[in-house]
Amino acid sequence: MSLSGRTALVTGAAGGLGSVTAAALAGQGARVLALDLPVSSGDRVVAEIEAEAGPGSARFIPADLAELDAIRALVTGLAAEYGQIDILVNNAAVYPSKPFEEYTTQEWQRVQRINADAAFACAQAVVPGMREAGFGRIVNITSITFFGGWELLAPYVTSKGALVGLTRALARELGPHGITVNALALGAFPTAAEEIHPDRAAYERFVLDHQAVKRRGRPDDVANAVLFFATEESGFITGQLIAVDGGWVMH
């Protein structure tokens, strides 16, 4: 499963799931570009990865995914600097929660821009290099909320559905060039995202009641799935949506 010599870009890399994913990729030898907001803990995450003295390396890339043209230009520049970006993990997301009719147009558009449109912009920037090399791995992080909807999260659920559509369309178009595109639908993980639930204990009981596996998900569960899709070994799998959720949904 070695990723030695590969360059990986992870968005939302300072978060609980993104940081562990970035560390896992570096642990397998990848050069990891950890992209997150300038005010995030990206510097700390990269320092911790570097302190492990593993086979890979990490670099913090401060940027705002909401600025789509700037992001496309930034990632295009990074791809040129490193020769190409071999692995793209579109992980970043925002998840406001309130009744559907209370969202403003601006709030709706911001969620789509960060959660879905930025994935489109990043993919556009990395695909030319992947196509030229005849190798590429794109992993889009979606959500099991896409399967059944979820109250109070209409913009988020919509954005995650858009990522599923992007995954399938790109997989079909890019497969002939040795590029695979897959998505992970995440279940409930005990990260900062759960702060939207006022009663955390009740929410934890709700999660465990619905999962077949009776433990909470761990960031490593996500990172291991990303690692699989990032490697040569997964080269015959594309256009797929895999739930990483302890058996909450089965389809």
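Reply: Gladly! In this predicted model, the largest cavity is lined by Thr11, Leu65, Asn90, Asn91, Ala92, Ile114, Asn115, Ala118, Ala119 and Leu163. The volume of this cavity is about 60 Å³.

Me: Which helix gives the most to the lining of the largest cavity, and how do its residues divide by class?

Reply: Helix α4 does, with 4 residues. By class, the lining of the largest cavity holds 6 nonpolar and 4 polar residues, and no charged ones.

Me: What lines the second largest pocket?

Reply: 15 residues line the second largest pocket, and Ala23, Val45, Glu48, Ile49 and Glu52 lie nearest its centre. Both α1 (16-27) and α2 (42-51) supply at least two residues of that lining. The lining has 6 nonpolar, 5 polar and 4 charged residues, around a space of about 190 Å³.

Me: How do you know how α3 and α4 are placed against each other?

Reply: Two packed helices are described by the angle between their axes and the distance between the axes. For α3 (residues 68-81) and α4 (residues 105-133), the axes come within 8 Å and cross at roughly 35 degrees. The crossing is right-handed. Contact means heavy atoms within 4.5 Å, and the residues making it include Leu68, Ile71 and Val75 of α3 with Phe120, Ala121 and Val126 of α4. By class, the residues of this contact are 10 nonpolar, 2 polar and 3 charged.

Me: Why are β3 and β7 said to stand at the edges?

Reply: The open sheet has 7 strands in the order β3-β2-β1-β4-β5-β6-β7, with parallel pairing. β3 (57-62) and β7 (241-244) each have a single partner strand, so one side of each has no neighbour in the sheet. On average, neighbouring strands are turned by 20 degrees against each other, direction ignored.

Me: What makes β4 and β5 a pair?

Reply: Pairing needs at least two bridges, and 4 bridges join β4 (residues 87-90) to β5 (residues 136-143). So by that rule they are a pair, and they run parallel. Val89 stands opposite Val139 in β5.

Me: Which strands does α4 lie across?

Reply: α4 lies across β1, β4, β5 and β6, at about 170 degrees to β4. As for α1, this helix runs at about 175 degrees to β1 (7-11).

Notes:
Residues numbered from 1 in each chain as written. Predicted model: local features only at pLDDT ≥ 70, side-chain atom pairs only at ≥ 80, totals over all residues. Heavy atoms only, no water. 1 Å grid on protein atoms, 1.4 Å probe; cavity = no way out; pocket = protein on both sides within 12 Å on 5 of 7 lines; lining within 4 Å. Points joined across faces, edges and corners; volume = space filled by probe spheres on them. Nonpolar A, V, L, I, M, F, W, Y, C, P; charged D, E, K, R; others polar. Axes fitted to C-alpha atoms, helices over the stretch in contact; angles between N-to-C directions. Left-handed = near helix turned anticlockwise from the far one by under 90°.
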